[in-house]
Amino acid sequence: SGPYYSMHDAPGEVIEFSRDVKLKVTTYLVENFSKVIPKEDNQIHSFGIFFGRNIDLIVCSTAYDFLPDHIYSYMKSNRYFETGLGQGAGEIFSALDYPIQNQILRRVEIDGEFAKWLGYGLGSNFISLDKERQLTILNTIIRKSIPFARGLGESLGYKFINMRQELEEEIFRVLVIKENFQFARGLGMGLGLTFLQLDEQTKRRVFDFVTKSYQFAIGIGYGLGNTFTSLPKDFQHEIFKVAEESGMLTRGLGIGLGNIFTSLPKDFQHEVFERAEANMQFAYGLGYQIGYNFNLIDKELQKEVWGKIDKNSEFASGLSLGLGLSFTYLPKEFQEKLFKLTDQNIQFAYGLSYGFGFIFNYLPEQLRINLFTRTLHNSEFAKGLGYGLGYIFSFLDNTLRREAFARMEENSQFAYGLGQGIGLIYEYMPSDLQIEIFKRAEKNSQFTRGLGDGLGFAFTFKNENLQQEIFSLTEKKCRVSNRLRNWFTQ
């Protein structure tokens, strides 16, 4: 079409197998799984997508009620297969019977990578779900899983231009009432990826929300960064100018550029690293995404990245956070190396343990026990783990909440981190939990200090009513008030 061209893999989609044939193929693959697993990462991902798209044909009678034991065990050891499985299941979700849909949705609280990519795949055909199912997912399911909420938000943002107005308004309603901070980030990510395609009214609406939600701002930055090299040069310069005035947009831009870092020209990679030296928010975001993708980058770049952790503390903290989030998929010897580094570099200890706290719901029981043991002799590790748990506090079950409160009474650094993480996402918590938080703060000074720091960090993003509510709650809690005041005098 004019100067543009496209290529389509028509043969790849031309053959549609009958259900009987699909059942035979799937049964064969399940029974011979170890013999047919591909060796290349991209093939493993495609293999996972196939299983996801045919998940209703997999006969399972194990305790997981989800996948046969041998396939589930492999999924938990290979990130590519788990992401592919989630994406495939999400893509055909609307065609599944309700009982199978419910069975799949129960996994969002158990399997993190599956949950994220289930949400992403589901967003691609969300408009085909009946309205009742859409509302259940938007109002209930996204509250149960951070990865699912982020994946769904990103996919819906990416497909936003194709939605009917009624669904657009429902999505923005969820964003306005702040049902889920990770949904806000995901939605921003998707909208940022397609920003230039949005109509002017939606663009104005997007930038209005950037000033109201720091999570949404990070998401927009990520989306723009992830497509940065394909944007017009003048718009690239404009993005950098706007990012200088918004710390959270800058952090998101770093995350987005970190996600495509290996595909950037060498001279631009050097420019990105130079920007990380000059801006700590950008450095943190860049390090975070490079760490999350660390096992996907070549050895030479790994060595270069590794050499920066002692020179740039924010980059080191972000890098270790990303490594913590992907920890369970890393080789055992590399995991041990990371644990050793927590005793040598305090920023690394904080970031890695923050990552653990953020995905705590999805960690094996023995690893959870080991992490709590490490908090006893490493104060930064304790602070970071507390921060991560505080950050996802709304998503923890009552048992884990009680355990976190009990441990903060025994460890002052853990208490401070827990309070800081909770303060950061305070506005997204149910009112009864907010009240309990302030009751706990009356009895623990370190928790109170952290809470004040967390509330102050994103205070300007909160609406006026919530600001006044926080000030009224802190009138008799001088430590919280002092920590808030510190943010405004920095």
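A: Q289 is buried, with a relative accessibility of 6%; buried means under 20% relative accessible area, exposed means over 50%, and partly exposed is anything in between, using a 1.4 Å probe and protein chains only. Bear in mind that this is a predicted model, in which local features need pLDDT of at least 70 and side-chain atom pairs count only at pLDDT 80 or more, while totals for chains, interfaces and linings use all residues. Residues are numbered from 1 along each chain as its sequence is written, and side-chain values use heavy atoms, with hydrogens and water left out.

Where does Q289 lie? Its place is in helix α18, residues 280-292; helices here are DSSP runs of H or I with at least four residues, strands are runs of E with at least two, and both are numbered from the N terminus. Leaving out residues up to four places away in sequence, Q289 touches I255, G258 and N259, where contact means heavy atoms within 4.5 Å.

A pocket is found on a 1 Å grid over the protein atoms alone, as an open set of points with protein on both sides within 12 Å along at least five of seven lines; a cavity is a set of points where a 1.4 Å probe fits but cannot get out, and lining residues have an atom within 4 Å of a point. Grid points are joined across faces, edges and corners, and the volume is the space filled by probe spheres set on the points.

The largest pocket holds about 1100 Å³ of space. Of the 44 lining residues, R79, E113, K116, W117 and Y292 lie nearest the centre. By class, this lining has 22 nonpolar, 12 polar and 10 charged residues; Ala, Val, Leu, Ile, Met, Phe, Trp, Tyr, Cys and Pro count as nonpolar, Asp, Glu, Lys and Arg as charged, and the others, Gly among them, as polar.

Nearest its centre, out of 29 lining residues, are R251, Y284, E314, Y350 and Y387. The lining divides into 17 nonpolar, 5 polar and 7 charged residues.

Setting aside neighbours within four places in sequence, the contacts of L323 include G291, Y292, F294 and W306. L323 is one of the residues touching the most other members of the largest nonpolar core, which has 147 residues. Such a core is a set of buried Ala, Val, Leu, Ile, Met, Phe, Trp, Tyr and Cys residues joined through side-chain atoms within 4.5 Å.

For the charged side chains, a search of the whole structure finds 13 salt bridges, each a side-chain nitrogen of Lys or Arg within 4 Å of a carboxyl oxygen of Asp or Glu. K76 and D111 form one of them, with N to O at 3.2 Å. That pair links distant parts of the chain, 35 residues apart: K76 is in the loop between α5 and α6, and D111 in the loop between α7 and α8. D111 is buried at 0% relative accessible area, whereas K76 is partly exposed at 27%. A network of salt bridges links K76, E82, R107 and D111. By contrast, R275 and E271, bridged at 3.7 Å from N to O, are 4 residues apart in helix α17, about one turn.

Stepping back to the whole chain, there are 30 helices and 0 strands. Buried residues, Q289 being one, make up 58% of the 490 residues. Of the contacts with a separation of 6 or more, 74% join residues 24 or more positions apart.
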